[in-house]
Every structure is written in C-alpha cells, then in structure tokens.
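Please prepare a short briefing on the model shown below, grouped by topic.

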Amino acid sequence: MWDYSEKVMDHYRNPRNVGKIDNADAIGEAGSLACGDSLKIYLKIQNGIVTDAKFQTFGCGSAVASSSILTEMIIGKSVEEVKKITNKDIADQLGGLPPEKMHCSVMGYEALEDALHNFDDMTDLDDLREEKPKEKIVCTCFGVTENQIWDAIKVNGLKTVEEITNYTKAGGACGKCKGLIKDIIETYYKKEEAEKPQLSPAQRILKINNIIETQISPELRKDGGDITLVDIQDNKVLVKLRGKCSGCKNSHLTLKAFVESTLRETVDSAIVVIEVA
Amino acid sequence: MSNLIYLDNNATTKVAAEVLDSMMPYFKEEYANPSSVYEFAKRSNHAVREARGVLKDFVNAANEKEIIFTSCGSESANMAIRGVLNMNKNKRHIITTKVEHPCVLNLYQTLEKEGYKVDYIGVNANGELDLAQLEQAINYDTALVSIMYANNETGVIFPIEKISEIIKSKNKETKFFVDAVQVAGKIPIDVQAAGIDLLGISGHKFHAPKGIGALYVNSKTLITPLIIGGHQERGKRAGTENVPYIAGLAKAAELAIDGLRAEATVVKRLRDKLESGILKNIYNARVNAGISNRVPNTTNIGFEYIEGELILLHMSDLGICASSGSACTSGSLEPSHVLRAMNVPFTAIHGSIRFSLSRYTTESEIDRVLEVMPGIINKITALSPYQDELANLKRLRG
C-alpha cells in the first residue's frame, strides 16, 4: 500500500478539470498505453495567459493527482510563468509523492512541456526552426531519452540509477540501459564540476579559512577541541588540532571524516588535510 | 472496518476461528518441547504427530514420513528445489514455466547465475501450458521439472497428472516439484494419483496463520536439508517444531477437506456470478483466461483503457479489497509477468483486477460489489484519454 498524502488522495478521488477543450490553443501528450500511463493536456491561451486547462489521464492514483493539480497550478498564470514549472513543483504541491511514483510528476511536466512546445510552434513559425538536438533514446522499453534523464537529474539532484528509474522509469523493465544511465549521471556531475566557477588563489584561501572558522571549528569546540589553519600549499591544507583534539586517538578520524570531507564538499574535491605539530 | 469486503484470498486469508482455537492450548498450557522425554511433553508431541497424519491425508501421501513442516510456501519451494539439485549434482538442467510465482522464478534466476540451464515453458492466451514445448525440453540432463498446480493470478489449473506422465516417459530420473500453494483447500490434491515427487503448500492461503507451510517429499526422492541442526523432521528441517502453528495448519487442512465440496459449488457459483455480472454491466471488461478449468475462487478481469491501481484505490474507498496485475500497484514498473506471458493486450493488461473469494464470502458481498463496480469503472473511464477507442468498444460490445 502506498503512503499517499491527503492531497494526492483528494485529487484522485475528485480530479479537477477533467476532459478536453475543443479548439484548444495547445495540446500536449506524454506516456503511452503500453507503458501503463499516459496523459493528454489541453490549454486555452489568451494574450499570453493560460485561461483554461483540462486533462485526460490513463494511469494510477498519483498520475491522476499530478495531472489534476497541474491544471490548477497553471490556470491564470502567464505562459512565461508556466514554463518555469518543474516536476518537483508538481510533487511539492501534492505534499510529496512516494519515490517510486515520482515518474508520475515527471509525466505531468513532460505533457506540459510538449503542449508549450506545440504552442510556440504554432505562434512563432520563425523561432521554430531553432535546432533541437536529435534526442537519443536511452531506455527502449519505456522510450526515455537522454534529455529527459538529464532534466530529471538537474531538477531533482538525482545521483543513483535507482533514483533515475523512480523518476523517469528508465531502466525499470529489462534493465539493459542501466550502464548507460550510470554514464549519464557521471557525465552530468563531471560537467557540473567543470562548470563550477574557478576561484582565484586568494579567494580560495579565504573560502577555506572561512569554512574552517564557521563550520568546522564550532563543531570541534562542542567536544572541547579546536582547529587552526597553518598553511595552504596547492591542494594540501595544513592544520593544527588543539584542546582535547590534540592527542585524541580518534583525531585522525576527525581529520579525514569531518574536516577533509567538509572542505572537499564545499571547496574542492582534491583537497587533502594534513595535521602538523 | 465493519463493511469490509475481502476478495483477495489468493494473497492471504483470514484465520478461521476453529484454527485459532486449536492453536491456543499450545501457547498457554501445552508449551513443552515435543522432543522432551517427560510426560508433560506428550501432548505437544502428539499434536505434531497427529498433524502430520492430517497433512498426509490432505495430500493423500502414502506415509506420514513424507510430510515436512516448514515456515511458509517459499521455504517449501526453496527446500524442494535446492534439495533435489544438491542430490543430483551431475544434472544441470531445470524446466519450469514463465508464469510461476516470483518466489520460485527468482530462485531459478539465481540458479541460472550459478550455472544451471533453465527452460521456461510458455502459455497460450487462455493461460494453458504448452505441453509440447515441455515434452521437447526434457532430456537426459533434466534434474527437475517445477510447475505450479494452478496459477495464482488467473486461477488456471495445470494438468499435473498428464505432465507427470510426460516427464516420466521422457526421463524416469527427473523429479517433479509442484507448487500447490494456490490450490490447497480449493481442489482435492492426490500426490500419488498425480505422480508428484515433491509438493509445497502454505497455511495462510487456506485459513491457517502466516508462518506455517509444509512440503511433501515422496519416499523415493532424496533431498538435502536447507536448515541444518537438530534431528527434527527426520533431519530434513532442523529447528524446534512450531507446535501451535502445526496444530493450526492441521485444523485448517481438516476444515478444508470438509469444505472442498462447498468450494466447488457455493464459492464457484459466487465467483461465476461476480464474473458474469461484471461482464454484463461493464462494456470495457474482459475475462483474462475465461476457461472452465480454474480454481473455483479466482477470476481475473481486465478493464480496458484504464489503470488497475486507480480501480483498487476507488474500491478500497468502499471497503472492497482485491489486487491488480498493473505495474503501478507493485512498485515494479512492469505489469504482471503472467498476463504478459498470455499476451493479454496492452489495452487491458494494466487494468487487470484479480478477485479471489473464500468460503467466507457471502452472496450479499458479491451483490454489493456488482452494484458499485460499474460506477467506479465509469468514473475512471471518464478520465481516460482513449475516448474514441472506448466509444468503438462500446459500439462493438454494448
């Protein structure tokens, strides 16, 4: 039995805005009958404002709830605002979804994106030819593309193949694409790492010092110890442990598991912390 | 919940009051270890011995020694399969079906990784086994054929006696294990007449509690134990006997023997009433495996162009319990492997609901379900994006 929020239950019991709009200004679709869930969303757009939205969904409780709340979220909003809605916003509005059901919120997002894309196509014919890179299908069972996986990682901060499966269904059937998904995750985080703004040497020193003073030192003081920054040589951060920390037989653990990992997370993954006397 | 209508008896059943009563003395007064020598242990010792006699009759074994008490159906299956393979180390081939219960299927997938060759026999659209494929698959290297007595999702009964004949005609040394979890208490079992070497059952599917099962192993079949330790169960399954549960299992078996006639008449009539009532009143309903040779309590109905979990949620709001072959209910992303093996169309597979009755199901409960189902299905059908397809279906069937 799923632990659905009250809001999810309310929306699948009493779905809002069910049906289709004749003469809709935009129609979007996601999912398929074979995959077990599909969604069609119809929008009426006047002067850049979504004036009406309706949906038809073939799917489980959370799929219907995601579609229903999505229509409520977009009616009355400008197209620009609507474009900013992500699957996470849909899930949040529902008071959360079980992890295995996050793909339902993603389906809502994809149908909306499809609708807006079609709307743009209809209005700005010139703009339309802006080349969209050809989408590569990663999961052939559920027809999930690389872009969809990339988006899901970006919006939801996903880190494991299992999370990708929960959010996009990719890898959930035969499992052959799991290796590919792993590669995409690694590529994403490598790219993110590479795109991090580079600190100047002075900024870097200041940042390390700042983290030690505001995040690390207060924690050590709680246990009656403390830490001082002695020097920084490239990736080596030389520190001195004081108070109860000096001579503590667990000090090596403190140094590696806490001081070093904190600095690696916040400043640079290459940092090595060394204790000096 | 006072207005609960429980139609998920293939998942588990309620413990019969008589069963619970039969168990209580072994929690309260007769708590002795049956292996102890003093007078006080006599009652618990006799309880286990009597239970073994009841179970022997329940499956018509030749000898009480052929009954081993286990903790559940999965243990019975694991013990039978591993036990036979360990005793036949020179043979590396196993045959089973595509529609076995996951507790068996997952074990075979593990065995494949361990180097065994496993053939999976398919089924037709009615859920019936391809016996020609089975016959062809058996060879000199086949250690074990493992086939369920009836399928848990569709209720389709497999021709066990005929299968046994096929196996023995091809290779006399091949052992035949039958997972009978879904038939125990629903149809008579006769291991001798059916030519079964090993047969597993689980108590909680026929009104005994969860946590007790049994394995029949005929005297000509040697197996190694899974649990090694004391001498209990003739060294085949160590661990102090679970006396209250063993007594409960025996009581449930006795009640089931008495109730078999009612299963074939009363329960079957109610199941048929439910099935035909739904088909009559709901145009987008179809029976998956609508053949006569099914366990009397089960029907599996596909509601087309709608999804099963949502049907179950709406039923649950009215206190009605059933289960679905849809992907969404289980958390796995794929729909039922059984319905897929039968090639049930995608339009119906995700909206498939299994109703499974018991001897406690009443006529008024079935009437109530028939009264509310059309409303539930209409409400969900109205949400479907496949309105044109549904309209066609309505013209065709309505």
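## Helix α9 of chain A

In α9(A), the buried residues include I208(A), I212(A), I216(A) and L220(A); buried means that 20 or more other C-beta atoms lie within 10 Å of a residue's own, exposed means 12 or fewer, partly exposed is in between, and C-beta atoms are placed from the backbone. This is a predicted model, in which local features need pLDDT of at least 70, side-chain atom pairs count only at pLDDT 80 or more, and totals for chains, interfaces and linings use all residues. Residues are numbered from 1 along each chain as its sequence is written, while chains are lettered from A and ligands numbered from 1 in the order in which they are written.

- An α-helix has 3.6 residues a turn, so residues three or four places apart point the same way.
- Helices (H or I, at least four residues) and strands (E, at least two) are DSSP runs, numbered from the N terminus.
- The cover over the buried residues of α9(A) includes β6 (225-233), β7 (236-243) and α10 (251-266) of chain A; two residues are in contact if their C-beta atoms, placed from the backbone, lie within 7 Å.
- Helix α9 of chain A (residues 201-222) has 22 residues, which at 1.5 Å a residue should span 32 Å, and its end C-alpha atoms are 31 Å apart, which agrees. The expected span is 1.5 Å times one less than the number of residues.
- At I216(A), α9(A) bends by about 40°, and the proline P218(A) follows within four residues. The bend is the angle between axes fitted to the seven residues ending at a residue and the seven starting there.
- After α9(A) comes G224(A), with a positive phi near 85°.

- Most residues other than glycine have a negative phi, and most peptide bonds are trans.
- N23(A) is not a glycine, yet its phi is positive, about 60°. The loop between α1 and β1 (26-32) of chain A holds N23(A), and this residue is exposed, with 6 other C-beta atoms within 10 Å.
- D234(A), also a residue other than glycine, has a positive phi near 50°. D234(A) is located in the loop between β6 and β7 of chain A and is exposed, with 9 other C-beta atoms within 10 Å.
- D121(A) belongs to helix α5 (residues 102-123) of chain A. With 12 other C-beta atoms within 10 Å, D121(A) is exposed.
- In sequence D121(A) and G36(A) are 85 residues apart, and in space they are 29 Å apart, C-alpha to C-alpha.

**Contact between the chains**

- Chain A gives 21 residues to the contact and chain B gives 22 residues.
- On the side of chain A that touches chain B, α1 (6-13), β2 (37-46), β3 (49-58) and α2 (61-74) of chain A each supply at least two residues.
- That side of chain A has 9 nonpolar, 7 polar and 5 charged residues. Ala, Val, Leu, Ile, Met, Phe, Trp, Tyr, Cys and Pro count as nonpolar, Asp, Glu, Lys and Arg as charged, and the others, Gly among them, as polar.

**Chain B overall**

- Chain B contains 14 helices and 13 strands.
- The radius of gyration of chain B is 22 Å, close to the 21 Å of the globule rule for 398 residues, so chain B is as compact as a globular protein of that length. The radius is taken over C-alpha atoms, and the rule is 2.2 Å times the number of residues to the power 0.38.
- The C-alpha trace of chain B spans about 75 × 50 × 35 Å along its principal axes.
- Buried residues make up 52% of the 398 residues of chain B.
- Among contacts in chain B with a separation of 6 or more, 72% join residues 24 or more positions apart.

**Domains of chain B**

- Domain 1 (5-10 + 260-397) and domain 2 (17-256) make up the domain assignment of chain B; such bounds come from an automatic or database domain assignment.
- The C-alpha centres of domain 1 and domain 2 of chain B are 30 Å apart.
- Their contact takes 23 residues from domain 1 of chain B and 21 residues from domain 2 of chain B.
- On the domain 1 side, α8 (243-281), β10 (298-303) and α11 (337-341) of chain B give two or more residues, and α11(B) has the largest share, 4 residues.
- By class, that side of domain 1 of chain B has 9 nonpolar, 11 polar and 3 charged residues.

**K251(B)**

- Helix α8 of chain B includes K251(B), which counts as buried with 23 C-beta neighbours inside 10 Å.
- Apart from neighbours within four places in sequence, K251(B) is in contact with E18(B), V19(B) and S22(B).
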